[in-house]
Amino acid sequence: MSARHAPVLVLVPPRWIGGLGVMRSLGRLGIPVYGLAHRSTSIPNVSRYAAGFVNAGDDGRPIGGDPGRVVDDLLRAADRLGDGTILIAGTDEWATFVAEHADALATRFRFPRTPVAVVEALASKEGLARLAFQHGLPTPGIAVPASAADAARLARTLTYPILVKPVHSRPDVTYKGIASDEASMLRHYQVLEERPEAPNVLLQEYIPGEDADVWMFNGYFDASSRCLAAFTGVKLRQHPARMGHCAMGELRQNEVVIDQTISFLQAVAYQGIVDIGFRFDARDGRYKVLDVNPRLGGAFRLFVDRNGVDVARAMYWDFTGTTVPGIEARDGRRWFREDSDLVAFRHYRRDHGLTMRNWLSSYRGVEESSTFAWTDPLPFASSMFLLARDTLVDHIPGRRKASVEPIAAPAVPETSEVATG
């Protein structure tokens, strides 16, 4: 098997569109891209660019019992795919799993070798705050309650509004909300708390601003932590509105964000693809890191340069001995996620005054969307089916939703009493 056509295995759950983006980006170059076998309706696996499927984990997640069994399943898959298959982790769970079992997996696969302690720290918002403080990266203040009683104590000391979100994000943990007072903070805490002894709840300083103040960094770092690809962009709309993932974004190169990100990730010896969120804080003029995803991001196809280079291609070429060309980014490229932006439009129209005319005009400059492609229609159909099904299910009386609709936050004081770092 030639290095040029080395296969790729992308590790994502059924609904994660990053896997579809990899299949299309690399598949159009003739590179075989495999996915994980999914029991439930899958968006990436119905793509014409899916070369095949690997049975490992539990419906696209590295859970379900003995981790050694998942490793064995992946190693057996290498017998079919071929030694030297390139692994691309598409979730924090998979990134952590691969880092934890790197020695065993490296006997058959190729993938970035960031130390597991670094991956775990970056994937945890508490660990990220600690690393950011150590290396001088600006970050919002946070507090992590150890229990319900601790949350009640903190509730009396905080300056509101604040964000309530999970310390560790997972495909089944998407809840987040804005608390405007002590009572609403405790309500959010009760919904998000996983176990009394391990709540998985983080309270984060709310930074005022607009959607365009939320910046994304998308990059690839080689085995020496050299940045071979660096992109930035802004979120024009989010889902949930004002505080969620990118529903529509625009590529805009921001050298300040790029420079501070490269400096930070080189300091922690990071390798591989990374997806990072920042927010510009007009109160002090700094870009503050909100989260670091030590893996492929769902919106990575927003970040494509004039020659078609994205982070998946940069990583593939690096691992197969091909020189990664210098990035020639073009500001103004827009990308959107169809299902998220449909829901976001309803929320922005109701709560933030978005008109139909302005919504439609925002699609000028869109060059690609997350699932729709004339030559590959099934992922879009699958996505719309899931949106329709979820909409119907969410209207069942008494069903608790996985996430909350954000409220319009009141003005934030100049200082916050959430612990800073």
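1. P240 sits in the loop that runs between β11 and β12 (245–251). In this predicted model, the peptide bond joining H239 and P240 is cis, with omega about -5 degrees.

2. The bond from Y160 to P161 is cis, and its omega is near 5 degrees. P161 belongs to the loop between α7 (148–155) and β7 (162–166).

3. Positive phi values come next. S225 is not a glycine, yet its phi is positive, about 65 degrees. The residue lies in the loop between β10 and β11. Is S225 buried or exposed? With a relative accessible area of 7%, S225 falls under the 20% cut-off and therefore counts as buried.

4. A269 is likewise a non-glycine residue with a positive phi, here about 60 degrees. A269 is found in the loop between α9 and β13. Its relative accessibility is 36%, so A269 is classed as partly exposed.

5. Helix α9, which A269 follows, covers residues 255–267, 13 residues in all. From first C-alpha to last, α9 reaches 18 Å, close to the 18 Å expected at 1.5 Å a residue.

6. Which residues of α9 are buried? They are V257, I258, Q260, T261, I262, F264 and L265. As background, an α-helix has 3.6 residues a turn, so residues three or four places apart point the same way.

7. For the chain as a whole, the secondary structure comes to 13 helices and 16 strands. The radius of gyration is 21 Å, close to the 22 Å that the globule rule gives for 421 residues, so the chain is as compact as a globular protein of that length. Along the principal axes, the C-alpha atoms fill a box of roughly 60 × 45 × 45 Å.

8. Of the 421 residues in the chain, 56% are buried. Among contacts with a separation of 6 or more, 69% are between residues 24 or more positions apart. The chain exposes about 17600 Å², of which carbon and sulfur atoms supply 52%.

Key. Residues are numbered from 1 along each chain as its sequence is written. This is a predicted model: local features need pLDDT of at least 70, side-chain atom pairs count only at pLDDT 80 or more; totals for chains, interfaces and linings use all residues. Side-chain values use heavy atoms; hydrogens and water are left out. Helices (H or I, at least four residues) and strands (E, at least two) are DSSP runs, numbered from the N terminus. The expected span of a helix is 1.5 Å times one less than its number of residues. Buried means under 20% relative accessible area, exposed over 50%, partly exposed in between (1.4 Å probe, protein chains only). The radius of gyration is taken over C-alpha atoms; the globule rule is 2.2 Å times the number of residues to the power 0.38. Contact means heavy atoms within 4.5 Å. Accessible areas come from the Shrake-Rupley method with a 1.4 Å probe; for residues, only the protein chains shown count as cover.
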